Amino acid sequence: MRMSATLTRQKITFAEMRAAGVRGLLIYCADYHCSHWTSISGDRWGDDVRLSDIEPRFTCQGCGRRGADVRPDWHSVDAYA
Ligand SMILES: [Zn+2]
């Protein structure tokens, strides 16, 4: 078995997200006990960036924990149209 490589969660790129008409992001705290979340615009990141690439950059405003779960804000499709 050659499965020694670290399994990294890969998410879609901003290009794929924008192709689906989504420009907003939902940032969830990685700590489910906290469950703090916020919504932001994803316009500042380039097309080749994956959502999983930027997750370590966030610090929760609720509990101060680093790292987050970044998801496309599908409801923003209409909001930004
Ligand atoms: Zn938190």
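This is a predicted model: local features need pLDDT of at least 70, side-chain atom pairs count only at pLDDT 80 or more; totals for chains, interfaces and linings use all residues.
Colleague: Which elements does the protein chain contain, and in what order do the elements run?

Modeller: The protein chain holds three helices and three strands. Read from the N terminus on, the elements follow the pattern α-β-β-α-β-α.

Colleague: How many bridges join strand 1 to strand 2, and how many join strand 1 to strand 3?

Modeller: Strand 1 is joined to strand 2, residues 37–41, by five bridges, and the two run antiparallel. Five bridges also join strand 1 to strand 3, again in an antiparallel arrangement.

Colleague: Which residues stand opposite each other in these pairings?

Modeller: On the side of strand 2, Tyr-28 stands opposite Trp-37. On the side of strand 3, Leu-25 has Pro-72 as its bridge partner, and Leu-26 has Arg-71.

Colleague: Which residues of strand 1 lie on its covered face, and which on its uncovered face?

Modeller: The general idea is that in a regular strand the side chains alternate between the two faces of the sheet. For strand 1, the covered face consists of Leu-25, Ile-27 and Cys-29. Gly-24, Leu-26 and Tyr-28 make up the uncovered face.

Colleague: Which residues make up the largest nonpolar core?

Modeller: That core has eight residues in all: Leu-25, Ile-27, Cys-29, Leu-51, Phe-58, Cys-60, Ala-68 and Val-70. Strand 1 (24–29) and strand 3 (68–72) are the elements that give two or more residues to this core. The largest share, three residues, comes from strand 1.

Colleague: Which residues does Phe-58 touch, apart from those up to four places away in sequence?

Modeller: Phe-58 touches Ile-27, Gly-67 and Ala-68.

Colleague: What share of the protein chain is buried, and what share of the contacts joins residues at least 24 apart?

Modeller: Buried residues account for 17% of the 81 residues in the protein chain. Among contacts between residues at least 6 apart in sequence, 67% join residues at least 24 apart.

Methods: Residues are numbered from 1 along each chain as its sequence is written. A nonpolar core is a set of buried Ala, Val, Leu, Ile, Met, Phe, Trp, Tyr and Cys residues joined through C-beta atoms within 7 Å. A residue is buried if 20 or more other C-beta atoms lie within 10 Å of its own, exposed if 12 or fewer, and partly exposed in between; C-beta atoms are placed from the backbone. Helices (H or I, at least four residues) and strands (E, at least two) are DSSP runs, numbered from the N terminus. Two residues are in contact if their C-beta atoms, placed from the backbone, lie within 7 Å. Two strands pair if DSSP finds at least two bridges between them.
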